[in-house]
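Before reading on, please take a moment with the sequence and the 3D view. The report then goes through a helix, a strand residue and some charged pairs.

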Amino acid sequence: MNEEKANPKAQTPFILASASARRRELLVELLDDYQVTIAKVEELSSHPGGPLGLVEANARLKAQAVSLENQDAWVLGADTLVALGDEVFGKPVDMDDAFAMLRRLSGQTHRVSTGLCLIRSSAGFEETRVATSEVTFRELNDSVIREYLNAVNPLDKAGGYAIQTRGEMIVERFAGSRSNVIGLPLELLGDWLRDLGLIV
């Protein structure tokens, strides 16, 4: 086992409450041993706290749903969305929606926020945190958008794009955590888990 990621509380299960393959791949960089349980919840589409309140609330919904059946485990819920001002871009419903999202984001700087909620019910522990990065798109014409959508499946991605897959076609620059844009802010999460003694 990699000592950098060794979990000194390995007797306590750690569960990622997410269906995202990208989050699973990223979490491996912090934890050697964790389980995945997909939360069966209906996510909120709006929140009075705006985009940051929305990702926080949806992360909490996922973590709480899985924690109900796993009271003694550490359960991590996560939710990522793209926002241009207060306009929120979740996962596109179809390719036309993805096309419209990329056209709307063309030439603009938007924010990508990921809400994290960590719960261990038996210990009375529940906390939420949010990481935000900024991404600036190139000016995209319709042919570039079509080419990008032919190369990348946008339907399971907030905003209809993935910075890690052919990102050079559409992204001019970004500021902040790259892993956050992918779906799991490793810098924030790593510091948090170290503070709790879950990783060393």
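Predicted model: local features only at pLDDT ≥ 70, side-chain atom pairs only at ≥ 80, totals over all residues.

**Helix α6 and its surroundings**

Which residues of helix α6 are buried? In this helix, which spans residues 186–195, the buried residues are L186, L189, G190, W192 and L193. When the helix is viewed down its axis, these buried residues fall within an arc of 165°, so they line one face of α6. The cover over the buried residues of α6 is drawn from several elements, including the helices α1 (21–27) and α5 (178–182) as well as the strands β1 (14–17), β3 (74–84), β5 (109–120) and β6 (125–137). After α6 comes G197, a residue whose phi is positive, near 75°.

**A buried arginine in strand β5**

Strand β5, one of the elements covering the buried residues of α6, also holds R120. Is R120 buried or exposed? With a relative accessible area of 17%, R120 is buried, because the cut-off for buried is under 20%. Leaving aside residues up to four places away in sequence, R120 touches T12, Q71, D72, A73, W74 and F125.

**Salt bridges**

Side chains of opposite charge can pair when their charged atoms come close. How many salt bridges does a search of the whole structure find? The search finds twelve salt bridges, and the table lists some of them, with the distance between nitrogen and oxygen atoms.

| Pair | N to O distance |
|---|---|
| R129 and E127 | 3.4 Å |
| D156 and K157 | 2.8 Å |
| E168 and R166 | 3.3 Å |

The accessibility of the residues in these pairs can be read alongside the distances. In the pair of R129 and E127, R129 is partly exposed at 29% relative accessibility, and E127 is partly exposed too, with a relative accessible area of 30%. In the pair of D156 and K157, D156 counts as partly exposed at 31% relative accessibility, whereas K157 is buried, with a relative accessible area of 11%. For R166, which forms a salt bridge with E168, the relative accessibility is 36%, and R166 therefore counts as partly exposed.

Which residues are linked with D156 and K157 in a network of salt bridges? The network joins R22 to D156 and K157, and of its members K157 is buried while D156 is partly exposed.

How values were computed: Residues numbered from 1 in each chain as written. Heavy atoms only, no water. Buried < 20%, exposed > 50% of the residue type's maximum accessible area, 1.4 Å probe, protein only. Helix = DSSP H or I, 4+ residues; strand = E, 2+ residues; numbered from the N terminus. Arc of directions from axis to C-beta. Contact = heavy atoms within 4.5 Å. Salt bridge = Lys/Arg side-chain N within 4 Å of Asp/Glu carboxyl O.
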